Amino acid sequence: RRRPQGHRWSYSGVVFLALNMSAYYDEIEIEDMEFVEAENIFFYPCPCGDKFRITVDELMDGEEIARCPSCSLIIRVIYSPDQFVVEEDTQEDKGESNAKEDTATHNTEITVA
């Protein structure tokens with residue numbers, strides 16, 4: 001087959017186009033996914049028998065695609081970015097003080113709403 005003149009095909013362009021054409025197996029609300037706090041990962045059953053997965057860090061970075069590690073299916077996770085609140089708690093160090101500067105302990109806690 002002949003390509004139209006001036007038209008170029010590329011594998012990466014086809015992959016980019018396929019991902020942008022919403023080639024998702026499904027779109028799932030985050031509330032319908034299982035959250036495993038010990039791993040900070042959301043799971044959803046895949047038809048292949050494994051589970052789609054997406055981490056809290058990925059969601060906080062704006063990622064919305066959960067992947068199945070056993071097959072090629074992907075799902076779009078529907079969520080609001082403000083569901084993931086990062087709270088910083090500052091406590092002054094009550095133990096030994098450093099002579100050079102006052103020290104403070106910063107604890108970051110992620111709350112999944």
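## Strands and their pairing

Two strands pair if DSSP finds at least two bridges between them. Helices (H or I, at least four residues) and strands (E, at least two) are DSSP runs, numbered from the N terminus. In this predicted model, R67 stands opposite I74 in β6. Strand β5, residues 65-67, is joined to β6 by three bridges, and the two run antiparallel. Six residues lie between β5 and β6, which form a hairpin.

Strand β6 also pairs with β1 (residues 26-29), here in a parallel arrangement with four bridges. Within that pairing, I28 has V77 of β6 as its bridge partner.

Residues are numbered from 1 along each chain as its sequence is written, and side-chain values use heavy atoms, with hydrogens and water left out. As this is a predicted model, local features need pLDDT of at least 70 and side-chain atom pairs count only at pLDDT 80 or more, while totals for chains, interfaces and linings use all residues.

The predictor's confidence in each residue is called pLDDT and goes from 0 to 100. Its mean over the chain is 73, and 55% of the residues reach 70 or more. Residues 1-19 have pLDDT below 50, and beyond near neighbours in sequence this stretch has five contacts in the model; a contact means heavy atoms within 4.5 Å. Over residues 92-108 pLDDT also stays under 50, and the model has 17 contacts beyond four places in sequence for them. Where pLDDT is low, the predicted coordinates should not be read in detail.

## The nonpolar core

A nonpolar core is a set of buried Ala, Val, Leu, Ile, Met, Phe, Trp, Tyr and Cys residues joined through side-chain atoms within 4.5 Å. Buried means under 20% relative accessible area, exposed over 50%, and partly exposed in between (1.4 Å probe, protein chains only).

The largest such core has 15 residues, of which I30, M33, F42, I54, L59, V77 and F84 touch the most other members. At least two residues of this core come from each of β4 (51-55), α2 (56-60) and β6 (74-78). In soluble globular proteins, nonpolar side chains tend to be buried together.

## Aromatic pairs

Rings of Phe, Tyr and Trp (its six-membered ring) pair if their centres lie within 6.5 Å; planes under 30 degrees apart count as stacked, over 60 as edge-to-face and the rest as tilted. By this rule there are two aromatic pairs. Y25 and F52 are stacked, at 6.3 Å centre to centre with 25° between the planes. This pair links distant parts of the chain, since Y25 is in the loop between α1 (11-20) and β1 while F52 is in strand β4, 27 residues apart. Y25 is partly exposed at 45%, whereas F52 is buried at 0%.

F35 and F42 form a tilted pair, with 4.6 Å between centres and 40° between planes. F35 is partly exposed at 29%, and F42 is buried at 4%.

## Two further residues

R53 lies in strand β4 and is partly exposed, at 33% relative accessibility. Leaving aside neighbours within four places in sequence, R53 is in contact with I41, F42, F43, A66, R67 and P69.

N40 is in the loop between β2 (34-36) and β3 (41-45). Its phi is near 55°, a positive value in a residue other than glycine. Most residues other than glycine have a negative phi. N40 is partly exposed, with a relative accessible area of 33%.
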